[in-house]
Amino acid sequence: YEGGGEIHSRSSQKRHFKKLLEMEIERKILISHFEYLVKYANDIIILANEKGQIVEANDRALQAYQLKPEEIKNRKLSSLGNFYISFDKKGIKQFEVSQEPYETIHKRNNGNEFPVEISEKIIEIDSIRYYQAIIRDITDRNKIETQVREAQEWFKTTLYSISDGLITTDTNGVVIQINKVA
(Lines give C-alpha, C1' and ligand atoms only; values in the text may rest on other atoms or scores of the structure.)
Protein backbone atom coordinates (compact mmCIF):
# COMPACT_ATOMS: atom_id res chain seq x y z
CA TYR A 1 0.00 0.00 0.00
CA GLU A 2 2.98 2.24 0.57
CA GLY A 3 3.75 2.18 -3.13
CA GLY A 4 0.20 3.28 -3.94
CA GLY A 5 0.66 6.39 -1.81
CA GLU A 6 3.76 7.28 -3.75
CA ILE A 7 1.92 6.97 -7.06
CA HIS A 8 -0.93 9.08 -5.70
CA SER A 9 1.58 11.69 -4.53
CA ARG A 10 3.29 11.82 -7.94
CA SER A 11 -0.07 12.06 -9.69
CA SER A 12 -1.11 14.90 -7.39
CA GLN A 13 2.23 16.62 -7.98
CA LYS A 14 1.78 16.22 -11.74
CA ARG A 15 -1.68 17.83 -11.59
CA HIS A 16 -0.28 20.64 -9.46
CA PHE A 17 2.56 21.37 -11.90
CA LYS A 18 0.19 21.11 -14.87
CA LYS A 19 -2.08 23.69 -13.22
CA LEU A 20 0.91 25.98 -12.54
CA LEU A 21 2.01 25.65 -16.16
CA GLU A 22 -1.50 26.48 -17.42
CA MET A 23 -1.63 29.54 -15.14
CA GLU A 24 1.79 30.70 -16.37
CA ILE A 25 0.72 30.31 -20.01
CA GLU A 26 -2.47 32.27 -19.30
CA ARG A 27 -0.44 35.00 -17.56
CA LYS A 28 1.92 35.27 -20.54
CA ILE A 29 -1.04 35.51 -22.93
CA LEU A 30 -2.56 38.32 -20.85
CA ILE A 31 0.78 40.15 -20.70
CA SER A 32 1.21 39.80 -24.46
CA HIS A 33 -2.33 41.10 -25.04
CA PHE A 34 -1.78 44.04 -22.67
CA GLU A 35 1.54 44.91 -24.33
CA TYR A 36 -0.15 44.87 -27.74
CA LEU A 37 -2.95 47.16 -26.51
CA VAL A 38 -0.48 49.64 -25.03
CA LYS A 39 1.86 49.58 -28.01
CA TYR A 40 -0.84 50.21 -30.62
CA ALA A 41 -3.21 52.42 -28.61
CA ASN A 42 -4.46 55.62 -30.23
CA ASP A 43 -3.59 57.50 -27.05
CA ILE A 44 -0.12 58.34 -25.81
CA ILE A 45 0.81 56.16 -22.83
CA ILE A 46 3.81 57.09 -20.69
CA LEU A 47 5.26 55.57 -17.53
CA ALA A 48 7.74 57.62 -15.48
CA ASN A 49 9.75 56.69 -12.39
CA GLU A 50 9.72 58.55 -9.06
CA LYS A 51 12.28 61.04 -10.37
CA GLY A 52 10.13 61.98 -13.33
CA GLN A 53 12.22 60.12 -15.90
CA ILE A 54 10.32 58.32 -18.65
CA VAL A 55 10.87 54.57 -18.46
CA GLU A 56 8.25 53.44 -20.99
CA ALA A 57 6.38 55.10 -23.84
CA ASN A 58 4.21 53.57 -26.53
CA ASP A 59 4.49 54.05 -30.31
CA ARG A 60 1.89 56.82 -30.28
CA ALA A 61 4.08 58.79 -27.84
CA LEU A 62 7.08 58.46 -30.16
CA GLN A 63 4.96 59.65 -33.08
CA ALA A 64 3.33 62.58 -31.23
CA TYR A 65 6.55 63.91 -29.70
CA GLN A 66 8.62 63.07 -32.81
CA LEU A 67 11.18 61.08 -30.83
CA LYS A 68 12.97 57.77 -31.22
CA PRO A 69 12.70 55.11 -28.47
CA GLU A 70 16.22 55.85 -27.23
CA GLU A 71 15.47 59.59 -27.17
CA ILE A 72 12.32 59.40 -25.05
CA LYS A 73 13.56 56.94 -22.43
CA ASN A 74 15.20 58.59 -19.42
CA ARG A 75 14.02 61.98 -20.65
CA LYS A 76 12.35 64.10 -17.98
CA LEU A 77 8.57 64.06 -18.15
CA SER A 78 8.55 67.85 -17.85
CA SER A 79 10.45 68.11 -21.17
CA LEU A 80 7.23 67.06 -22.96
CA GLY A 81 5.01 69.73 -21.41
CA ASN A 82 2.94 70.53 -18.35
CA PHE A 83 1.70 67.87 -15.93
CA TYR A 84 -0.34 68.19 -12.74
CA ILE A 85 2.18 66.12 -10.80
CA SER A 86 5.50 67.67 -9.85
CA PHE A 87 8.92 66.21 -9.19
CA ASP A 88 11.96 67.48 -7.31
CA LYS A 89 15.50 66.05 -7.08
CA LYS A 90 14.37 63.47 -4.51
CA GLY A 91 11.45 62.19 -6.58
CA ILE A 92 7.75 62.74 -6.81
CA LYS A 93 7.13 65.97 -4.90
CA GLN A 94 3.39 65.75 -4.90
CA PHE A 95 1.82 62.29 -4.90
CA GLU A 96 -1.64 63.53 -5.63
CA VAL A 97 -2.69 63.48 -9.22
CA SER A 98 -5.68 65.07 -10.86
CA GLN A 99 -8.79 62.98 -10.30
CA GLU A 100 -10.29 64.27 -13.54
CA PRO A 101 -8.74 64.47 -16.99
CA TYR A 102 -7.33 67.93 -17.65
CA GLU A 103 -6.17 69.88 -20.69
CA THR A 104 -2.75 71.42 -21.15
CA ILE A 105 -0.14 72.09 -23.83
CA HIS A 106 2.72 69.78 -24.83
CA LYS A 107 5.61 70.26 -27.20
CA ARG A 108 6.86 68.16 -30.09
CA ASN A 109 10.59 67.66 -30.65
CA ASN A 110 10.48 70.32 -33.41
CA GLY A 111 9.17 72.89 -30.90
CA ASN A 112 5.56 72.97 -32.14
CA GLU A 113 3.00 72.95 -29.35
CA PHE A 114 -0.19 70.90 -29.36
CA PRO A 115 -3.16 70.63 -26.97
CA VAL A 116 -3.57 67.44 -24.93
CA GLU A 117 -5.96 65.93 -22.42
CA ILE A 118 -4.28 63.92 -19.63
CA SER A 119 -5.61 61.17 -17.39
CA GLU A 120 -3.05 60.24 -14.78
CA LYS A 121 -2.42 58.06 -11.78
CA ILE A 122 0.29 56.75 -9.50
CA ILE A 123 0.77 53.00 -9.75
CA GLU A 124 2.92 50.67 -7.70
CA ILE A 125 4.93 47.84 -9.26
CA ASP A 126 7.06 45.66 -6.96
CA SER A 127 6.81 48.29 -4.20
CA ILE A 128 8.11 51.03 -6.51
CA ARG A 129 5.86 53.97 -7.37
CA TYR A 130 5.45 55.09 -10.95
CA TYR A 131 3.54 57.88 -12.63
CA GLN A 132 1.30 56.74 -15.49
CA ALA A 133 -0.18 59.17 -17.97
CA ILE A 134 -2.63 58.45 -20.74
CA ILE A 135 -2.48 61.47 -23.03
CA ARG A 136 -4.80 62.31 -25.88
CA ASP A 137 -3.82 64.77 -28.61
CA ILE A 138 -6.92 66.95 -28.86
CA THR A 139 -5.82 69.11 -31.80
CA ASP A 140 -8.59 67.80 -34.09
CA ARG A 141 -11.24 68.00 -31.37
CA ASN A 142 -10.33 71.63 -30.66
CA LYS A 143 -10.52 72.49 -34.38
CA ILE A 144 -13.99 70.94 -34.64
CA GLU A 145 -15.19 72.75 -31.50
CA THR A 146 -13.94 76.04 -32.96
CA GLN A 147 -15.72 75.34 -36.27
CA VAL A 148 -18.98 74.56 -34.43
CA ARG A 149 -18.74 77.79 -32.38
CA GLU A 150 -18.05 79.81 -35.54
CA ALA A 151 -20.99 78.18 -37.35
CA GLN A 152 -23.29 78.91 -34.39
CA GLU A 153 -22.13 82.53 -34.30
CA TRP A 154 -22.65 82.87 -38.07
CA PHE A 155 -26.16 81.37 -37.71
CA LYS A 156 -27.09 83.77 -34.89
CA THR A 157 -25.71 86.78 -36.77
CA THR A 158 -27.59 85.76 -39.92
CA LEU A 159 -30.81 85.03 -38.02
CA TYR A 160 -30.88 88.40 -36.27
CA SER A 161 -29.80 90.47 -39.28
CA ILE A 162 -32.49 89.22 -41.70
CA SER A 163 -35.19 91.86 -42.25
CA ASP A 164 -37.93 89.22 -42.62
CA GLY A 165 -39.46 87.29 -39.77
CA LEU A 166 -37.84 83.90 -39.31
CA ILE A 167 -38.79 81.06 -36.97
CA THR A 168 -36.98 77.73 -36.75
CA THR A 169 -38.57 74.64 -35.25
CA ASP A 170 -37.53 71.08 -34.54
CA THR A 171 -39.18 68.07 -36.24
CA ASN A 172 -42.02 68.18 -33.67
CA GLY A 173 -42.83 71.81 -34.41
CA VAL A 174 -41.30 73.17 -31.21
CA VAL A 175 -39.81 76.64 -31.74
CA ILE A 176 -36.03 76.64 -31.36
CA GLN A 177 -35.08 80.10 -32.64
CA ILE A 178 -36.97 83.22 -33.52
CA ASN A 179 -35.57 86.52 -34.76
CA LYS A 180 -36.66 89.97 -33.58
CA VAL A 181 -38.72 90.74 -36.68
CA ALA A 182 -40.92 87.65 -36.29
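# Notebook: a predicted model, looked up piece by piece

I began with the order of elements and read the pattern α-β-β-α-α-β-β-β-β-β-α-β-β along the sequence of the protein. That gives four helices and nine strands, where helices (H or I, at least four residues) and strands (E, at least two) are DSSP runs numbered from the N terminus. I note that this is a predicted model, in which local features need pLDDT of at least 70 and side-chain atom pairs count only at pLDDT 80 or more, while totals for chains, interfaces and linings use all residues. Residues are numbered from 1 along each chain as its sequence is written, and side-chain values use heavy atoms, with hydrogens and water left out.

**Whole protein**

I looked up how much of the protein is buried (under 20% relative accessible area, against exposed at over 50% and partly exposed in between, with a 1.4 Å probe and protein chains only), and found that buried residues make up 25% of the 182 residues. The accessible surface, from the Shrake-Rupley method with a 1.4 Å probe and, for residues, only the protein chains shown as cover, comes to about 13,500 Å², and 52% of that belongs to carbon and sulfur atoms. I then turned to contacts (heavy atoms within 4.5 Å): of those in the protein with a separation of 6 or more, 34% are between residues 24 or more positions apart.

**The sheet**

I traced an open sheet of five strands, in the order E2-E1-E7-E6-E5 and with antiparallel pairing, where two strands pair if DSSP finds at least two bridges between them. Strand E2 (54–57) and strand E5 (102–107) each have a single partner strand and stand at the edges, so one side of each is left without a neighbour in the sheet. On average, neighbouring strands of this sheet are turned by 35° against each other, direction ignored; axes here are lines fitted to C-alpha atoms, for helices over the stretch in contact, and angles run from 0 to 180 degrees between N-to-C directions.

Strand E1 (residues 44–48) is joined to strand E7 (residues 128–137) by five bridges, and the two run antiparallel; in this pair I found Ala48 opposite Tyr131 in E7. E5 and E6 also pair in the antiparallel sense, over six bridges, and they form a hairpin with five residues between them, where Gly111 in the turn has a positive phi of about 95°. I also noted helix H4 (residues 139–161), which lies across E5, strand E6 (113–125) and E7 and runs at about 135° to E6.

**Salt bridges**

I counted as a salt bridge any side-chain nitrogen of Lys or Arg within 4 Å of a carboxyl oxygen of Asp or Glu, and the structure holds six of them. Glu56 and Lys73 meet in one, at 3.6 Å, N to O. This pair links distant parts of the chain, 17 residues apart, with Glu56 in strand E2 and Lys73 in the loop between helix H3 (69–72) and strand E3 (87–88). Glu56 is partly exposed at 41% relative accessibility, and Lys73 is partly exposed at 39%.

Arg141 and Glu103 form another salt bridge, at 3.2 Å, N to O, which joins helix H4 to strand E5 across 38 residues. Arg141 is partly exposed, with a relative accessible area of 30%, whereas Glu103 is exposed, with 52%.

Asp137 and Arg108 meet at 3.3 Å, N to O. Asp137 lies in strand E7 and Arg108 in the loop between E5 and E6, so the pair ties together parts that are 29 residues apart in sequence. I also found that salt bridges with shared partners join Glu103, Glu117 and Arg141 into one network, and that Glu103 stands opposite Glu117 in E6.

**Leu67**

Is Leu67 buried or exposed? Leu67, in the loop between helix H2 (59–65) and H3, is buried, with a relative accessible area of 7%. Leaving aside neighbours within four places in sequence, I found Leu67 in contact with Leu62, Ile72, Arg75, Leu80 and Asn109. The C-alpha atoms of Leu67 and Asn109 are separated by 6.6 Å, although the two residues are 42 residues apart along the chain.
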